[in-house]
Amino acid sequence: MSPTSSTPQQLMRLAVDLAHANRLKGGRPFGAVLAQGDEVIATGVNDIIASHDPSTHAEMEAIRAGTRQRANPSLAGLSIYASGHPCPMCLAALVMNGAEQVFFAFDNDDAEPYGLSSAGTYQRLRLSLNPAPLPITRIDTGISAAQLYGDAPWPAA
């Protein structure tokens, strides 16, 4: 995929494909793409199982890689494409550092049957997404939650 021709749907599909590949390697099924417009700045996958670090969510890993690469902690002008709706930690990092917007493929309701929802954390912290702290938009990739999180077959490339 050429960075100069990536559509939002292609960037989201990249995040979902990263999540799927991470799951196949024994990791948690989450991937993220940090982008400026249609250009990929950095990617990340959830590395909690391998690193034993609970902060290594896909969005955080993409943010870390992207800010290091740019030698700039600001996320101004950048968007994140996340396979799953960002948890409060990831959303806070995006908001605090000026990200432009968030796109996601699967929400907490999709993730709940697989034990992967962060809705309980939002509730325990008494956080609401209404109104959302920045634009948060769902993008359909044509992949189902059962294909990413469960045992439904992954579509042929």
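## Basis of the model

This is a predicted model, in which local features need pLDDT of at least 70, side-chain atom pairs count only at pLDDT 80 or more, and totals for chains, interfaces and linings use all residues. Residues are numbered from 1 along each chain as its sequence is written, and side-chain values use heavy atoms, with hydrogens and water left out.

Helices (H or I, at least four residues) and strands (E, at least two) are DSSP runs, numbered from the N terminus.

## Annotated domain

An unreviewed UniProt entry carries the annotation "domain: CMP/dCMP-type deaminase" for residues 6-119. UniProt positions are given in the numbering used here, feature names are shortened, and annotations may be inferred rather than shown by experiment. Over residues 6-119 the chain is 42% helix and 22% strand. The end C-alpha atoms of this stretch are 31 Å apart.

Helix H4 spans residues 88-96, and its buried residues are Pro88, Cys90, Leu91, Ala93 and Leu94. Buried means under 20% relative accessible area, exposed over 50%, and partly exposed in between (1.4 Å probe, protein chains only). The cover over these buried residues includes helix H3 (58-70) and helix H6 (119-124), together with strands S3 (79-84), S4 (101-106) and S5 (136-138).

H3 and H4 pack at an angle of about 30 degrees, with their axes 9 Å apart. Axes are lines fitted to C-alpha atoms, for helices over the stretch in contact, and angles run from 0 to 180 degrees between N-to-C directions. The two helices, H3 and H4, are therefore roughly parallel to each other; angles under 35 degrees count as roughly parallel, over 145 as roughly antiparallel, 65 to 115 as roughly perpendicular and the rest as oblique. On the H3 side the contact is made by Glu59, Met60 and Ile63, and on the H4 side by Met89, Cys90, Ala93 and Leu94. Contact means heavy atoms within 4.5 Å. By class, the contact of H3 with H4 has six nonpolar, no polar and one charged residues. Here Ala, Val, Leu, Ile, Met, Phe, Trp, Tyr, Cys and Pro count as nonpolar, Asp, Glu, Lys and Arg as charged, and the others, Gly among them, as polar.

## The nonpolar core

The largest nonpolar core has 38 residues, of which Tyr81, Phe106 and Tyr149 touch the most other members. Such a core is a set of buried Ala, Val, Leu, Ile, Met, Phe, Trp, Tyr and Cys residues joined through side-chain atoms within 4.5 Å. At least two residues each come from helix H1 (8-24), strand S1 (31-36), H3, S3, H4, S4 and helix H7 (145-149). H1 gives the largest share, five residues. In soluble globular proteins, nonpolar side chains tend to be buried together.

Leaving aside neighbours within four places in sequence, Phe106 is in contact with Val16, Ser83, Gly84, His85, Arg138, Ile143, Ser144, Ala145, Leu148 and Tyr149.

His20 is in helix H1 and is buried, with a relative accessible area of 14%. Not counting residues up to four places away in sequence, His20 touches Gln147, Leu148 and Trp154. Phe30 lies in the loop between H1 and S1 and counts as buried at 13% relative accessibility. Phe30 and Ala19 are 11 residues apart in sequence and 4.2 Å apart in space, C-alpha to C-alpha.

His85 is in the loop between S3 and H4 and is buried, with a relative accessible area of 12%. The C-alpha atoms of His85 and Phe104 are 19 residues apart along the chain and separated by 5.4 Å. Beyond four places in sequence, the contacts of His85 include Glu59, Phe104, Phe106, Asp107 and Tyr122.

## Exposed residues and backbone features

Asp109 lies in helix H5 (residues 108-111) and is exposed, with a relative accessible area of 65%. Asp109 and His85 are 9.8 Å apart, C-alpha to C-alpha, and 24 residues apart in sequence.

His52, in the loop between helix H2 (48-51) and H3, has a positive phi near 60 degrees and is exposed at 69% relative accessible area. Ala71, in the loop between H3 and S3, has a positive phi near 50 degrees and is exposed at 72%. The peptide bond from Asn130 to Pro131 is cis, with omega near -5 degrees; Pro131 is in the loop between H6 and S5.
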